[in-house]
Amino acid sequence: MHTLLVIFGGLSLLAICLILGRYFGALALAALIFIPVWAVAAAINMWIGVSHAGYSIMEEAPIFLLIFAIPSAVALFCWWRFSRG
C-alpha cells in the first residue's frame, strides 16, 4: 500500500510540475525537470526504507525502480507529447 501511495505522490508532483509549466509556458521542460526531482524523492524514500524500516538495499532496490519508473515514464510521455508541438 505504501508503494502505491508513493507512486500516487509522484504522479501528483508531476501534475504540479505540469501546472507550473503551463503557467510559465514550458510544459515539455516541466516534464523533464520532474525526472531528476523525482529521482531524489524516490532515493529519499529508499533511504528511509533502509535506515528506518530495516530493509536491506537489495530488498529496497526493486521497489525504488518501480516507484521511480512509473511516474518517470508518464513524464517522458508528457515530454514527448508536448514537445511535438
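Reader: Quick one before we start. What counts as a helix here?
Author: A helix is a DSSP run of H or I with at least four residues, numbered from the N terminus. Keep in mind that this is a predicted model.

Reader: Okay, aromatics. How many aromatic pairs in the whole structure?
Author: A search finds four. One of them is phenylalanine 34 with tryptophan 38. Their ring centres are 6.0 Å apart and the planes are at 10°, so that pair is stacked.

Reader: Where do phenylalanine 34 and tryptophan 38 lie?
Author: Both are in helix H2, residues 27-51. They sit four residues apart, about one turn of the helix.

Reader: Buried or exposed, those two?
Author: Phenylalanine 34 and tryptophan 38 are both buried.

Reader: And phenylalanine 64 with phenylalanine 68, why is that pair stacked?
Author: The planes are at 5°, and under 30 degrees counts as stacked. The ring centres are 6.1 Å apart. Both residues lie in helix H3, residues 57-83, again four residues apart.

Reader: How does phenylalanine 68 count for accessibility?
Author: Partly exposed, at 22% relative accessibility.

Reader: Switching topic. How do the axes of H2 and H3 cross?
Author: At roughly 170°, and the axes come within 9 Å. The two helices are therefore roughly antiparallel to each other.

Reader: Which residue classes make up the contact of H2 with H3?
Author: By class, 23 nonpolar, four polar and one charged.

Reader: Last one. What lies over the face of tryptophan 80?
Author: Arginine 84, at 4.5 Å from the ring centre.

Note on methods
Residues are numbered from 1 along each chain as its sequence is written. This is a predicted model: local features need pLDDT of at least 70, side-chain atom pairs count only at pLDDT 80 or more; totals for chains, interfaces and linings use all residues. Side-chain values use heavy atoms; hydrogens and water are left out. Rings of Phe, Tyr and Trp (its six-membered ring) pair if their centres lie within 6.5 Å; planes under 30 degrees apart count as stacked, over 60 as edge-to-face and the rest as tilted. Buried means under 20% relative accessible area, exposed over 50%, partly exposed in between (1.4 Å probe, protein chains only). A charge sits over a ring if NZ of Lys or CZ of Arg is within 6 Å of the ring centre and within 35 degrees of the ring normal. Axes are lines fitted to C-alpha atoms, for helices over the stretch in contact, and angles run from 0 to 180 degrees between N-to-C directions. Angles under 35 degrees count as roughly parallel, over 145 as roughly antiparallel, 65 to 115 as roughly perpendicular and the rest as oblique. Ala, Val, Leu, Ile, Met, Phe, Trp, Tyr, Cys and Pro count as nonpolar, Asp, Glu, Lys and Arg as charged, and the others, Gly among them, as polar.
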